[in-house]
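Dear colleague,

I am handing over the structure below, and I would be glad if you could look through it alongside these notes.

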Amino acid sequence: MINITIILKHNVIGKLLNHLLVFFINVMIVRLLGAGISGFYFNELYLLNFVVFIFSAGLDYAAISVISRNPLLLPAINRIFLMFIALFLVVLLLFVFLIFQYTNDYFLQQGFAIIYFSIGNLLLIFYQGILSALKKFNLQNIILGSTNLLYLVYLFIFLKPGEVSNLVRVSGSYAILFFIQGCMMVLFSDPGWKKTKDKLNWKTFFRSGIYIMISSLVYFAFLRVDNFYVQKYENSTTLGNYVQCGKIGQYFLYFSSIISSTLLPFIANESIGSSFTEWKKMMKPYILLLCAAAVFIAVTGHFLFPFFFGTDFLQMNSFMIILLPGFVCLGMLTLLNAVYIGKGNIKKIFIGDIIGLILVSGFDNFLVPKYGAYAAAIISSISYCIVFFYLLSGFKEQFVLPPTSPSTVNL
């Protein structure tokens, strides 16, 4: 019998150690670029991530659902992934060689960095999905942890704050890091090439992925649209402070998504998640950790943020205090979403994300021009809480439903 608790603990520990490295990479990038440039740079990466999500078509989640039930379909799914990657590469090359020269006012990084970052991101999305479906969580952690550690050493030794070339060197090396990680995921996933008698229902596979992709895009916009209102109406230093609050908030999502991605293959094939009581017992320590992390940040942020990021980040604590209740709710929301997705029912997730996006973009458009980043923080935090309670309202009902195959995903 699979001991999901042990698997979950090992995966959480491994990914938390890896994200600790990611945190220090982020600190180094901010130190090297400064508050103003780093804010614009990270917003630029969010835009590229949005495009990557579109081309991923949600097929990583579809792959987890299919492979967890029938691993023999892995070669067929791998061929689909490679076709999508090739198509995306063609689109990126056309953009860089035909359009990029007219976008100097919108992009800080060079064209080659955009290509490497975007392709690497798509590889990571697809093949982390495959490795998760195969329950190879430790392998993912080793690949990401080792490469992130080497990159952190590179930043620390070879780049110094204040150098004119830092933006080019940081953006280029960071993009290459993602590309290397993506390629290593492909190499170690061992997707196989042999054909099998088992047939993949392409229509069902793509349909389930598209549903999840649309929901993911709305969710991504819901979490990031406030950054762009702050970018438009505030100065660059305030933007840098606000963006870093969002990046700290991501760790609440990372922590929960580690747990969710671990649980998803088991929920999909009915290994766990048979009752709300079972789920609540398993999740209780992680929910308590989310709350404890929020309290720690609230108490120590006023001196930790300037210590790590520099004296330009004195505003960060004020924004974070406002955002923390929303970040805790987002962390718990991510835990709920694993059950909704595992049961094949993402309709309510989608509706919740739409509600959140409308609330954030609507009120930001009305209030941020007049009241600035503080209004954006208040609006976002309240909206995150509202969406969490909306999803919580129908959560118990999911445990009386059987897991739904991709062919009957409800949106």
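This is a predicted model, in which local features need pLDDT of at least 70 and side-chain atom pairs count only at pLDDT 80 or more, while totals for chains, interfaces and linings use all residues. Residues are numbered from 1 along each chain as its sequence is written, and side-chain values use heavy atoms, with hydrogens and water left out.

Phe 50 is partly exposed, because its relative accessibility is 29% (buried means under 20% relative accessible area, exposed over 50%, partly exposed in between, with a 1.4 Å probe and protein chains only). The structure holds 31 aromatic pairs (rings of Phe, Tyr and Trp, the last by its six-membered ring, pair if their centres lie within 6.5 Å; planes under 30 degrees apart count as stacked, over 60 as edge-to-face and the rest as tilted). One of them joins Phe 50 and Phe 220, whose ring centres are 6.0 Å apart with planes at 40°, so the pair is tilted. This pair links distant parts of the chain, since Phe 50 belongs to helix α1 (residues 4-56) and Phe 220 to helix α7 (residues 202-233), 170 residues apart (helices are DSSP runs of H or I with at least four residues, numbered from the N terminus). Phe 220 is buried, at 13% relative accessible area.

Tyr 151 and Tyr 154, by contrast, form a stacked pair, 5.9 Å centre to centre with 25° between the planes. Tyr 151 is buried at 6% relative accessibility, whereas Tyr 154 is partly exposed at 26%.

How values were computed: Helix = DSSP H or I, 4+ residues; strand = E, 2+ residues; numbered from the N terminus.
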